[in-house]
Amino acid sequence: MKRQKSLPEHLVELLEGGRAHITFDDAVKNWPAKFQGIRPEGAAHSPWEVLEHMRLAQWDILEFTRDPKHVSPEWPSGYWPKTPAPPDAKAWNNSIKSFRADLNAMIKLIQSKKTDFFAPLPHGTGQTVLREALLVADHNAYHLGELLVLRRLLGAWK
């Protein structure tokens, strides 16, 4: 009989994407710089705003999960960039690198044998590592879909 996957394996699979939704890497791969700061007609956000929002939210959830002294940004202004376009030519790739690093840190936390998925975080109000990992996966999946729609609206998707 085939071995059933463990909870950590399922969570990592969910965070990495590619089953029910596009992967992060596929969503941002070769994104044309000329489209990063454009809000297509009818869209609430530009690709830069969505990417940076994803990075900020994921970072906040990760830090809340692992650091009892973490202070979250002000809602909602602390979770969105100030401008629709990246502030400089390096910002887009830096945001991608930071997003990947934080996603990998969440995955390492999930894969740690020391992680208790069900114990309430001592500094929270009932949150658990499982809840925070699912929150990251859910939030990322939503905004990956948004990035894909933006890419299509901008004509930057095959």
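Which residue does a polar contact of 2.5 Å join to the side chain of His 70? The partner is Asp 60, and the contact runs between the two side chains; a polar contact here is a pair of N or O atoms within 3.5 Å, where within protein one must be able to donate a hydrogen and the other to accept it, and residues adjacent in sequence count only if both atoms are side-chain atoms. The model is predicted, so local features need pLDDT of at least 70 and side-chain atom pairs count only at pLDDT 80 or more, while totals for chains, interfaces and linings use all residues. Residues are numbered from 1 along each chain as its sequence is written, and side-chain values use heavy atoms, with hydrogens and water left out.

**Overall architecture**

- The chain contains 5 helices and 0 strands, where helices (H or I, at least four residues) and strands (E, at least two) are DSSP runs numbered from the N terminus.
- The radius of gyration of the chain is 17 Å, close to the 15 Å that the globule rule gives for 158 residues, so the chain is as compact as a globular protein of that length; the radius is taken over C-alpha atoms, and the rule is 2.2 Å times the number of residues to the power 0.38.
- Along the principal axes, the C-alpha atoms fill a box of roughly 45 × 45 × 25 Å.
- Among contacts (heavy atoms within 4.5 Å) between residues at least 6 apart in sequence, 73% join residues at least 24 apart.

**Surface and charge**

- Of the 158 residues, 43% count as buried; buried means under 20% relative accessible area, exposed over 50%, and partly exposed in between, with a 1.4 Å probe and protein chains only.
- The accessible surface comes to about 9400 Å², and 56% of this belongs to carbon and sulfur atoms; the areas come from the Shrake-Rupley method with a 1.4 Å probe, and for residues only the protein chains shown count as cover.

**The loop between H3 and H4**

- Pro 76 lies in the loop between helix H3 (47–66) and helix H4 (91–111), and the peptide bond from Trp 75 to Pro 76 is cis, with omega near -5 degrees.
- His 70 also has its place in the loop between H3 and H4, and this residue is buried, with a relative accessible area of 16%.
- Not counting residues up to four places away in sequence, His 70 touches Trp 59, Asp 60, Glu 63 and Phe 64.

- Asp 25, in helix H2, is partly exposed at a relative accessible area of 39%.
- A polar contact of 2.7 Å joins the side chains of Asp 25 and Arg 100.
- Asp 25 and Ile 96 are 71 residues apart along the chain, yet their C-alpha atoms are separated by 8.8 Å.
- Asn 30 is in the loop between helix H2 (24–28) and H3, where its phi is near 50 degrees, a positive value in a residue other than glycine.
- With a relative accessible area of 66%, Asn 30 is exposed.

**Helix H5**

- Val 136 is found in helix H5, which spans residues 129–153, and counts as buried at 2% relative accessibility.
- Leaving aside residues up to four places away in sequence, Val 136 touches Leu 15, Gln 58, Ile 61 and Met 106.
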